[in-house]
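Here is a friendly briefing on a protein model. Take a moment to look it over, and then follow the topics below.

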Amino acid sequence: MLKNINYKRKSLSEVLKYYNKKIIERFIQENPSISFKESEEIFTETLKWLSLYNESIIDEKINFNLFIYSDSIIIDEKWHNFILFTKYYHSFCEEYFGRYIHHIPVIDNDNKDSDIETKLSELYGYIYDKLGEETLNLWFREFPEKYNHKIITH
């Protein structure tokens, strides 16, 4: 991990001010069962994820890799959608984080059954500490019920 590097750390409230209607609309085109309002909410949660991920990379106290678990697949799908708008995504990353945030997929071998519970516990704890119980519940209870693999178009 990249520690002790002087990357930008815009506040979460600053990051959440970013808005791009094209990203929201394209996601609806790819996932017609999702409303405009839902797409906006998912985009907001994806911005929160990116902010949290950026912070975790430069946080010296964290000693695990933050990852998107399958329960919050909708955030990963929205991130993919955002990345497709390369010019916007690159500019966003530079402005808010001072660097490009790469998407590195988790491979099945990265999370062996024997340590997945530990990794999930660390992940849940970090999200809870940084973003609160409401976000944790949204990402890992509400979103998985509402947006499963059957709904999401790849």
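The side chains of Lys130 and Glu55 come together in a salt bridge, with 2.8 Å from N to O; a salt bridge here is a side-chain nitrogen of Lys or Arg within 4 Å of a carboxyl oxygen of Asp or Glu. Lys130 belongs to helix H6 and Glu55 to helix H3, so this pair ties together parts that are 75 residues apart in sequence. The model is predicted: local features need pLDDT of at least 70, side-chain atom pairs count only at pLDDT 80 or more, and totals for chains, interfaces and linings use all residues. Residues are numbered from 1 along each chain as its sequence is written, and side-chain values use heavy atoms, leaving out hydrogens and water.

**Salt bridges**

- Side chains of opposite charge can pair when their charged atoms come close.
- By the salt-bridge rule, the count comes to 6.
- Lys130 is partly exposed at 38% relative accessibility, and Glu55 is partly exposed at 24%; buried means under 20% relative accessible area, exposed over 50%, and partly exposed in between (1.4 Å probe, protein chains only).
- Lys21 and Glu25 also form a salt bridge, at 3.8 Å from N to O.
- Both Lys21 and Glu25 sit in helix H2, 4 residues apart, about one turn of the helix; helices (H or I, at least four residues) are DSSP runs, numbered from the N terminus.
- Another salt bridge joins Glu30 to Arg26, whose closest N and O atoms are 3.7 Å apart.
- Glu30 and Arg26 are likewise both in helix H2, 4 residues apart.

**Nonpolar core**

- The largest nonpolar core has 44 residues, and Trp49, Leu50, Phe82, Phe92 and Trp139 touch the most other members; such a core is a set of buried Ala, Val, Leu, Ile, Met, Phe, Trp, Tyr and Cys residues joined through side-chain atoms within 4.5 Å.
- Among the elements giving two or more residues to this core are helix H3 (36–58) and helix H6 (113–131).
- The largest share of this core, 9 residues, comes from H3.

**Negative surface patch**

- Glu41, Glu134, Glu142 and Glu145 form a negative surface patch; members of a charged patch have over 30% relative accessible area and no salt bridge, with like charges joined within 9 Å.
- Asp and Glu count as negative, and the place of a Glu charge is taken as CD.
- Helix H7 (residues 133–146) gives the largest share of the patch, 3 residues.
- Glu134 is found in helix H7 and is exposed, with a relative accessible area of 68%.

Technical notes:
Patches are made of residues with over 30% relative accessible area and no salt bridge: like charges are joined within 9 Å, nonpolar side chains (Val, Leu, Ile, Met, Phe, Trp, Tyr) within 5 Å. Accessible areas come from the Shrake-Rupley method with a 1.4 Å probe; for residues, only the protein chains shown count as cover.
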